[in-house]
Amino acid sequence: PGIVTVQKQLRDDPVLGLLHDYAELVRDRGIAAHIPSGTLPEIYRRDVTLDPPRGGYLRADVDEVEVWRRRLEALGPGPYIGVNWRSGLTLTPQRSLYYPDAVEFISQLPHSNVNLISLQYGSLGDDLRRIQDQLGVRVHQFEDLDQTVELDRVAALMSCLDLVIAPSTTVCHLACSMGVPTIGMDKSNFDCVNERDPLFLNLYPVMRRDEALNPSLAALRAAMALKFFLVHGRLPRLEPGNSYSVRKVNPSILP
């Protein structure tokens, strides 16, 4: 009670395009002070002495997490990189334009000293076989896990991974929600300043808001970000007001 909800206030600027403009509303309602808080959630925390949160708000069942931890260790040492290259829905010719080809995507990634874990849901077709035959790379697939419906088990598996790479699919959104470092082969989930995502600090989007859809370029940049992660132990940063990222770095200078 007492809270008034208003519509989004937009103004069409001849130079900058659509802008949020609440000046008229502030004047008409006699508002003494206001804060555009779209980017504040990323720095909210209960105690200023604490580090900013890792990101994510969901937690998997601890017993299930331990099961997956042991299964991953049986594959060999990490890091364990979860990979997803397309939606699990029917891939029509039009929808296929949104996702990179499986072989093209995996061919960009560093293969030595990492274990690639398939987070592909729905029909796999012959993707894993093509990856194995054409690249000699094994992407581990857990056949007893239905990644379309057993999301609780998928979440537990994700909790054990060092990093997830995915386009804008359920995999990307669930990994972000679990707090797993995630490279998104797309733009930010939320259209916010400096191309960052205020809800998911663990998400690194490889595409800028002003760029056209380009799955091949997104796959290349995802590979560059993964190389950065393997060297530095963290994802590249999108600094406020700077937008620094490996998206602007020549891939030849990366390890």
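1. The largest cavity has a volume of about 60 Å³, and the count of cavities of 30 Å³ or more comes to 3. A cavity here is a set of points, on a 1 Å grid over the protein atoms alone, where a 1.4 Å probe fits but cannot get out; grid points are joined across faces, edges and corners, and a volume is the space filled by probe spheres set on the points. The model is predicted, so local features need pLDDT of at least 70 and side-chain atom pairs count only at pLDDT 80 or more, whereas totals for chains, interfaces and linings use all residues. Residues are numbered from 1 along each chain as its sequence is written, and side-chain values use heavy atoms, with hydrogens and water left out.

2. The lining of the largest cavity, that is, residues with an atom within 4 Å of a point, consists of L119, Y121, Q147, L151, V154, M158, T170, V171 and L174. The elements that give two or more residues to this lining are α5 (151-159) and α6 (170-178); helices (H or I, at least four residues) and strands (E, at least two) are DSSP runs, numbered from the N terminus. By class, the lining divides into 7 nonpolar, 2 polar and no charged residues, where Ala, Val, Leu, Ile, Met, Phe, Trp, Tyr, Cys and Pro count as nonpolar, Asp, Glu, Lys and Arg as charged, and the others, Gly among them, as polar.

3. Helix α6 is largely enclosed by the rest of the structure, because 7 of its 9 residues are buried, meaning under 20% relative accessible area with a 1.4 Å probe and protein chains only. These buried residues are V171, C172, L174, A175, C176, S177 and M178, and what covers them includes α5, β6 (163-166), β7 (182-184) and β8 (203-205), contact being heavy atoms within 4.5 Å. Just after α6, G179 takes a positive phi of about 85°.

4. The 6 strands of the open sheet follow the order β5-β4-β3-β6-β7-β8, with parallel pairing, two strands being paired if DSSP finds at least two bridges between them. The edge strands are β5 and β8, each of which pairs on one side only. Strand β3 (residues 80-83) pairs with β4 (residues 115-118) over 4 bridges and with β6 over 3 bridges. I81 has L116 as its bridge partner in β4 and stands opposite L163 in β6.

5. Strand β6 is covered on both faces, with L163 and I165 buried on one side and V164 and A166 buried on the other. In general, the side chains of a regular strand alternate between the two faces of the sheet. β6 is also joined to β7 by 3 bridges, the two strands running parallel, and A166 stands opposite G184 in β7.

6. In helix α4 (residues 127-135) the buried residues are D127, R130 and I131. Seen down the axis of α4, they fall within an arc of 100°, so they line one face of the helix; the arc is that of the directions from the helix axis to the C-beta atoms. The buried residues of α4 pack against α3 (102-108) and β5 (139-140), and just after α4, G136 takes a positive phi of about 70°.

7. Strands β1 (residues 10-13) and β2 (residues 17-20) run antiparallel and are joined by 4 bridges. A hairpin joins β1 to β2 through 3 residues, and R11 stands opposite L19 in β2.

Methods:
On a 1 Å grid over the protein atoms alone, a cavity is a set of points where a 1.4 Å probe fits but cannot get out, and a pocket is an open set with protein on both sides within 12 Å along at least five of seven lines; lining residues have an atom within 4 Å of a point. Buried means under 20% relative accessible area, exposed over 50%, partly exposed in between (1.4 Å probe, protein chains only).
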